[in-house]
Amino acid sequence: GKFDERNTIAKYFNSYSDFINNIAVINRSYDPENDYIGTEKLTNLAIEAMESNQVLLVVDNFEDFEDGHSDFEHFQNFFNKFNKIKEPRSRIILTTRGDGKLANNTVNLDPLNESDTADLFAARLTWLKQKNHYKKLVTGDIPNLISNSRSELIALKNEENKDNKKVLERIGHPASILLLAASIEDEVDSNPLEYFKQEIIEMK
């Protein structure tokens with residue numbers, strides 16, 4: 001059918017209020033411009049929308065709302081209500097580095113291996129260059145930076161930290177690699193391996 005922003009949820013949210021409002025807007029009875037309603041009513045409208053429509057809701061990096069976050073109980077309420085739908089037409093995928101205790105079914109994913117880690121970094125670096133993300137990097141810098149970083153990332157996983165599970169998980173987490181690619185420009189003259197250690201491995 002005709003494109004409607006109600007059909008697509010692709011939003012960054014930093015609170016439950018933002019999250020639930022972007023789902024409730026799928027409900028045709030909700031007018032966000034004129035309806036001023038509370039959190040519980042918004043939650044119910046969102047659940048109705050999930051029940052009466054086919055929605056794939058992907059909640060990425062949910063660990064930001066775990067570990068005692070003030071909005072955690074609101075999310076818990078939303079997921080509990082969704083789980084009570086007898087024959088849900090919608091599905092929710094939740095990704096987290098936390099315990100994932102709100103999920104009915106969990107799948108533990110292994111970190112990327114050294115080759116995939118390097119491939120993702122190279123692909124992201126190239127894509128960011130195409131999108132004019134970098135201001136100082138020139139096209140000729142990219143192949144050398146990719147080549148050097150590939151060998152160093154592989155060495156970092158295989159040699160220095162092969163017995164350190166936490167470090168390996170952090171190195172092999174896609175978010176870590178994307179962060180490295182996005183912020184590498186400030187350290188283009190330094191050793192990418194040292195930069196990676198500073199920004200990712202030593203991250204608390």
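Start by colouring the chain by pLDDT, the predictor's confidence in each residue, from 0 to 100: the average is 76, and 68% of the residues score at least 70. This is a predicted model, in which local features need pLDDT of at least 70, side-chain atom pairs count only at pLDDT 80 or more, and totals for chains, interfaces and linings use all residues. Residues are numbered from 1 along each chain as its sequence is written, and side-chain values use heavy atoms, with hydrogens and water left out.

Now switch to a cartoon view. Helices (H or I, at least four residues) and strands (E, at least two) are DSSP runs, numbered from the N terminus. Among these elements, α3 has the highest mean pLDDT (94), while helix α8 (residues 192–201) has the lowest (58).

Next, select helix α1 (residues 16–24) together with helix α3 (residues 72–83). Their axes come within 10 Å and cross at roughly 25 degrees; axes are lines fitted to C-alpha atoms, for helices over the stretch in contact, and angles run from 0 to 180 degrees between N-to-C directions. α1 is therefore roughly parallel to α3, as angles under 35 degrees count as roughly parallel, over 145 as roughly antiparallel, 65 to 115 as roughly perpendicular and the rest as oblique. Show side chains here: Tyr16, Phe19, Ile20 and Ile23 of α1 meet His74, Phe75 and Phe78 of α3, where contact means heavy atoms within 4.5 Å.

From there, move to alanine 46 in helix α2 (residues 39–52). Leaving aside neighbours within four places in sequence, alanine 46 is in contact with Ile20, Ile23, Ala24 and Phe78. Is this alanine 46 buried or exposed? Alanine 46 is buried, with a relative accessible area of 0%; buried means under 20% relative accessible area, exposed over 50%, partly exposed in between (1.4 Å probe, protein chains only).

For the last stop, pick glutamate 63, in the loop between β1 (56–59) and α3. Glutamate 63 also counts as buried, at 15% relative accessibility. Its side chain reaches the backbone nitrogen of arginine 97 at 3.1 Å. Beyond neighbours within four places in sequence, glutamate 63 is in contact with Thr95, Thr96, Arg97 and Gly98.

Finally, zoom out: buried residues make up 34% of the 204 residues in the chain.

Terms used
Polar contact = N/O pair within 3.5 Å; in protein donor to acceptor, adjacent residues only side chain to side chain.
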